[in-house]
Amino acid sequence: SSGINAEWPLRPGFVIETDAKKTKCRFSKKKLKTKIKNYDSCIARGFEPSLEGCSTNVDNQLNKKEARKCGQLEKYLDKCGHMCEVDGGWSEWSEWSECSSSCGPGYQTRTRTCDSPAPGKGGEMCEGEDTETQDCKSKGCGGFIYN
């Protein structure tokens with residue numbers, strides 16, 4: 001069965017999931033917290049992570065020995081079910097809808113969704129509105145023009 005341990009995340013960005021594939025985590029919670037901090041340090045110094053949701057935008061500043069240690073640390077954390085948080089990102093705006101009125105003033109709307117990527121593992125939801133509205137003018141009604 002899958003679930004999230006209620007005592008986690010120890011810090012924003014990481015959760016531990018319990019499922020049949022992730023049963024080989026042999027660290028105490030305190031030791032695991034230390035390993036997570038060390039892994040964060042690896043990523044902050046440019047280690048290219050492969051855990052789900054993890055990424056870096058820093059050039060690699062690690063020597064070969066440090067990079068090997070970071071890789072080993074990542075293997076341990078993977079066995080413990082750790083994944084990085086993923087902040088949500090907006091999709092492109094849709095096209096504007098048809099004007100709500102076929103005669104005279106009306107409005108149009110367009111939408112976007114928080115799925116590029118969708119937030120996950122404790123990540124932030126997208127900020128801002130998912131719908132925009134603007135006024136529109138259709139043809140005049142019965143010979144009248146609306147401005």
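Predicted model: local features only at pLDDT ≥ 70, side-chain atom pairs only at ≥ 80, totals over all residues.
# Salt bridges, helices and a buried arginine

The structure holds 2 salt bridges.

In one of the salt bridges, the side chains of Glu66 and Arg45 meet, with 3.3 Å from N to O. Glu66 belongs to helix H2, while Arg45 sits in the loop between helix H1 (29–44) and H2, so the pair ties together parts that are 21 residues apart in sequence. Glu66 is partly exposed, at a relative accessible area of 28%. Arg45 also counts as partly exposed, with 29% relative accessibility.

The other salt bridge joins the side chains of Arg110 and Glu132, with an N to O distance of 2.7 Å. Here the link runs between strands: Arg110 lies in strand S3 and Glu132 in strand S4 (residues 131–137), so parts that are 22 residues apart in sequence are tied together. Glu132 has a relative accessibility of 30% and therefore counts as partly exposed.

The overall layout comes next. The protein chain has 2 helices and 4 strands. Along the sequence they follow the pattern β-β-α-α-β-β. Of the chain's 147 residues, 28% count as buried. Among the contacts in the chain with a separation of 6 or more, 60% are between residues 24 or more positions apart.

The helices can be taken in order. H1 has 16 residues, which at 1.5 Å a residue should span 22 Å; its end C-alpha atoms are 22 Å apart, which agrees. Which residues of H1 are buried? They are Leu32, Lys35, Ile36, Tyr39, Cys42 and Ile43. These residues cover an arc of only 115° around the axis, which puts them on the same side of H1. On the face of H1 turned away from the buried side are the exposed residues Lys30 and Lys37. The cover over the buried residues of H1 includes H2. Just after H1 comes Gly46, which takes a positive phi of about 100°.

H2 can be read in the same manner. At its start, a side-chain oxygen of Asn63 reaches to within 3.1 Å of the backbone nitrogen of Lys65. The 16 residues of H2 should span 22 Å at 1.5 Å a residue, and its end C-alpha atoms are 23 Å apart, which agrees. Its buried residues are Cys70, Leu73, Glu74 and Leu77. Seen down the axis of H2, they fall within an arc of 105°, so they line one face of the helix. These buried residues pack against H1. The face of H2 turned away from the buried side carries the exposed residues Lys64, Lys65, Arg68 and Lys75. H2 is followed by Gly81, whose phi is positive, near 85°.

Beyond H2, the loop between helix H2 (64–79) and strand S3 (105–111) contains Ser101. Is Ser101 buried or exposed? Its relative accessible area is 16%, and residues under 20% count as buried, so Ser101 is buried. A polar atom of the Ser101 side chain lies 2.6 Å from the backbone oxygen of Cys103.

The last stop is Arg112, in the loop between S3 and S4. Arg112 is buried yet has no salt bridge. The nearest side chain of opposite charge is Glu132, at 6.5 Å, and a salt bridge requires the charged atoms to lie within 4 Å. What does the side chain of Arg112 reach at 2.9 Å? It reaches the backbone oxygen of Glu129. Leaving aside neighbours within four places in sequence, Arg112 is in contact with Trp90, Ser91, Glu92 and Trp93, and also with Glu127, Gly128, Glu129 and Asp130.

Key. Residues numbered from 1 in each chain as written. Heavy atoms only, no water. Buried < 20%, exposed > 50% of the residue type's maximum accessible area, 1.4 Å probe, protein only. Polar contact = N/O pair within 3.5 Å; in protein donor to acceptor, adjacent residues only side chain to side chain. Lys, Arg positive; Asp, Glu negative; His and termini not counted. Contact = heavy atoms within 4.5 Å. Expected span 1.5 Å × (residues − 1). Arc of directions from axis to C-beta.
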